[in-house]
Amino acid sequence: MRLPILRSCIPALLPAVALPAAAHGVSSSAGTLSMSVPTVGASAAAAAMLLFWLYATCSAVRRGGARSAILALAALAAAVLLILIWHVDAWIAGGMLLSGWLYAAGVQQIGLATRRAARLWAWRMACFYGGLIVLAAALLSPLDALGKSLFSIHMLQHELLMLAAAPLLVAGRPLAAFIWAFPPAARLRIARLIGMRVVRGPWTVMMRPLFAWSMHALLLWGWHVPVLFEAGLANDALHSVQHLCFLLSALLFWASLAGPRAVLYLLTTAIHTGILGALLTFSPRPWYPAYVGQIDGWGLTALEDQQLGGLIMWVPAGFVFVCAGLAFAARVITAQPSGSRP
């Protein structure tokens, strides 16, 4: 069995293996700049491993059988190398790789019956794996380290989680694929569990657009309160909780959108996030003193960095929400003639 992508993986691995471990422990902005070349080398090696894992997953879906098992082991090895080379959080990387593999296995088991269904799931797979790639860029790339020195990069990281990764993952319909990844007996037990009132009741409430919109807004504004935001900067575990809150609330928000009211929820979200961004942009003083000592060497003052972060939240984020609202509105308008027929 030929694996041509290995030819591109091996050259990318060589510079990363020779990197000193100290390159990943630099805290100052000047030190970060001086270590930019090793960081790029490690990132390139990790990207090669991720590409190899995607290749293995797609090949396993197409072929199955013994080759599928071999490719699964190769994908596992790629995951281990990804974690060791890039020095990323093993829980995040492992969870992403496991979810990607389950998704591929689920799509394989669904047994696409028609060409239309095959095209539909091909589009969903592209969305889901695109969301995983964006998620990796936000949480496993140098952006995560730079976010501790630059507030603007931290805001970019949050916007990638909520406005790019979350809607792409939701568009991939992952829950259906995950369930189909299990054997029939296990799927039956999962269906029974989902049908229980103790599970169905809370899930129904969580999927109501007003609840999802409220949770998204509450967590977004709450985590930007200076006391909570700086606590997350000082504590890695709390920082992970912050990112988890942003991602889960965004997943819930995008998954709950349906029908004409989706336009209202999207536009009001654009308004309140724009207000928060404007407050950060036009504030006469920095909200987060922890960045004052970290910004030295980047050519920006802490206030300028905050203004840039506020603009990232205000303009591009608002543009995404408005475009999504217009897309939902167009869908509603085009569906009205057919829906009005008896």
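1. Helices (H or I, at least four residues) and strands (E, at least two) are taken here as DSSP runs numbered from the N terminus, and the expected span of a helix is 1.5 Å times one less than its number of residues. Helix H12 (residues 209-223) has 15 residues and reaches 21 Å from its first C-alpha to its last, close to the 21 Å expected at 1.5 Å a residue.

2. The model is predicted, with local features needing pLDDT of at least 70 and side-chain atom pairs counting only at pLDDT 80 or more, whereas totals for chains, interfaces and linings use all residues. Residues are numbered from 1 along each chain as its sequence is written, and side-chain values use heavy atoms, with hydrogens and water left out.

3. His243 lies in helix H14 (residues 236-256) and counts as buried because its relative accessibility is 8%, where buried means under 20% relative accessible area, exposed over 50% and partly exposed in between (1.4 Å probe, protein chains only). Leaving aside residues up to four places away in sequence, His243 touches Leu139, Asp144, His154, Gln157, His158 and Leu161, contact meaning heavy atoms within 4.5 Å.

4. One salt bridge is counted, the term requiring a side-chain nitrogen of Lys or Arg within 4 Å of a carboxyl oxygen of Asp or Glu. Asp236 forms a salt bridge with Lys148, the closest N and O atoms being 3.3 Å apart; this pair links distant parts of the chain, 88 residues apart, with Asp236 in helix H14 and Lys148 in the loop between helix H7 (142-146) and helix H8 (151-171). Asp236 counts as exposed at 51% relative accessibility, while Lys148 is partly exposed at 36%.
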